[in-house]
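Hello,

Here is the structure I promised to pass on. Please have a look when you get a moment.

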Amino acid sequence: MAKTEDQIILEKCNSRNAALKLEQSSFITHWEEITRFISPRSARYLRSDRNKGEKVNQNIINETATISSRTLQSGLMAGMSSPARPWFVLSPPDPGMKEFGPVKDWLDTVTRLMRDVFTRSNIYSVLPRAYGPLGDYGTAAFGLLEDEKEVVRGYNFPVGSFKIDCSSRGNVDTLYREYSMTVRQLVETYGLENVSVAVRNLWDRSSYGSWIPVIHAVEPNFARETGKLNSRDKPFISVYYEEGADQGKALRISGFDEFSALAPRWAVNGEDIYGSNCPGMLALGSVKALQLEERRKYQALDKFVNGAVEADAMLRNSGVDLLPGGVTWRANMGNSPHPGVRRIEEINPNIFVVLGEDIKEVENRIRRCYYEDLMLMMAQSDNPQMTAREVEERHQEKLLVLGPMMEQQNDDLFDPLIDRTFNIMLRRGMFPPPPKELQGQRLRVEYTSIMAQAQKLIGVAAVERFVGFVGQVAQYDPTVLDKVDLDQTVDEYGEMTGVSSKIIVPDDVVQSKREQRAKAEQAQQAMAAMPAVAQGANAVKTLGETDTAEVSSLMRLMTGGGA
């Protein structure tokens, strides 16, 4: 019997899921240690890990790394995608078109509409929950789906529950996610006719709360027919199915025009799929050492305060009172050469000083791994007194170190986020018609967050020094100003410092103003020349009315010829 299309797709998905799980397996043991020692509730390696309320932080005695992870999460949110300040703008492919009035107005309108959509949706609550795993594990993921009410909506995926793969360009374009849904959720989402026989039986028995393992696969649709418009033939195929379903039927097979998941990675080494060299991985050794030192410190403290003692055998039944302030009375105390109670082990109090200093050093190492001083400043960046220049001046070296990570986020996170949101809004007709100059053109995205601007400000000092130098030289030779395009200098400086595009006047408007000003100056010069012209005309008129003999005499007088 020939296999159905659904059966072929499900067999392929199961085989692909097993291969991706094998590829990911080497990271799991590393991630599990990070989970135990830094972020106990951020991952989910088993479906049974859901809704667990028991204690999961037994390995954490000193919570420095956990707090630093939280600080990094807040700092990245405030520094790269804060809702309190513009963090991206759309630009034309040709930078010269940016200063053209209609193009500039349309791009400003579209950027504002997209920011409004992000504000209305849950994107600004999903992003920080992605920054946490990004710093701890080096890889995070969340889904970005179209939503009827909010246009777009994000769904976080815990580390360990998803597997990813990349295209030949190194972009993440495949995600398999394993999770669980209750019988009620399955029936409500996919319909009773699409669930398995086992789920229908549970539904009939009113076992609505039973959990069912589900797999969701999103990957490039290599088998699609490009001429068709149905959902199964879109660039990316989406398959929801119950794991181990016996009838080989999917819950839903559809597709997306763009990859519907975003998987930011801290840093990617060569052809690696998952991120690495993140703060959590770097700090893990120090974190484990810190927990051991804290445990030893408290053991020493316990011995120092309530240490083990040895006692004379004669005191076995004497009722010794070892409580603070307690007194034990016994007879014949003077007859024994060394009767009494004494400690078995004496603790040198200086050990606490040594341990305390070393613990502080380890804590500082962990904070440096998580860029805590820089992130604390970023977390406070919503303060109007905080500027990108101030961040750059104080933490220029750290910003340079974070540069590769920020570029990776542009490629993995922000570009796909903005592209997918833009395309969804475009298909919904939420944008005004673009000017003809932009039709058929691919737009660029420029990031204007405080961290992006602080990176750009590293070049501002060079511009300021150059302009200052030219100004000094111009005092001796003003023609040197011909070597400087002052209009372009203003545009570049405004872009580096993150000035709103509405403040800088477009080039075509500037040219129009200059032409009007030149015409006005010409008119003023013409008006100023009118008296001299009128005087000359009157002289010609008088000369024309003068007798010929008088003219000859007048000419001789004017030329000094005499009468």
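Below are some notes on a helix, a strand and a few salt bridges.

This is a predicted model, in which local features need pLDDT of at least 70, side-chain atom pairs count only at pLDDT 80 or more, and totals for chains, interfaces and linings use all residues. Residues are numbered from 1 along each chain as its sequence is written, and side-chain values use heavy atoms, with hydrogens and water left out.

Buried means under 20% relative accessible area, exposed over 50%, and partly exposed in between (1.4 Å probe, protein chains only). S2 runs antiparallel to strand S3 (residues 151–157), joined by 7 bridges, and the two form a hairpin with 3 residues between them. Strands pair if DSSP finds at least two bridges between them; S2 also pairs with strand S9 (residues 261–262) in the antiparallel sense, over 2 bridges.

The whole structure holds 22 salt bridges, each a side-chain nitrogen of Lys or Arg within 4 Å of a carboxyl oxygen of Asp or Glu. In one of them, arginine 16 meets glutamate 219 at 3.4 Å, N to O. That pair links helix H1 (residues 5–37) to strand S6 (residues 211–220), 203 residues apart. Glutamate 219 counts as buried because its relative accessibility is 5%, whereas arginine 16, at 24%, counts as partly exposed. Aspartate 412 and arginine 265 also form a salt bridge, with their closest N and O atoms 3.0 Å apart, and both residues are buried.

Best wishes

Key
Helices (H or I, at least four residues) and strands (E, at least two) are DSSP runs, numbered from the N terminus.
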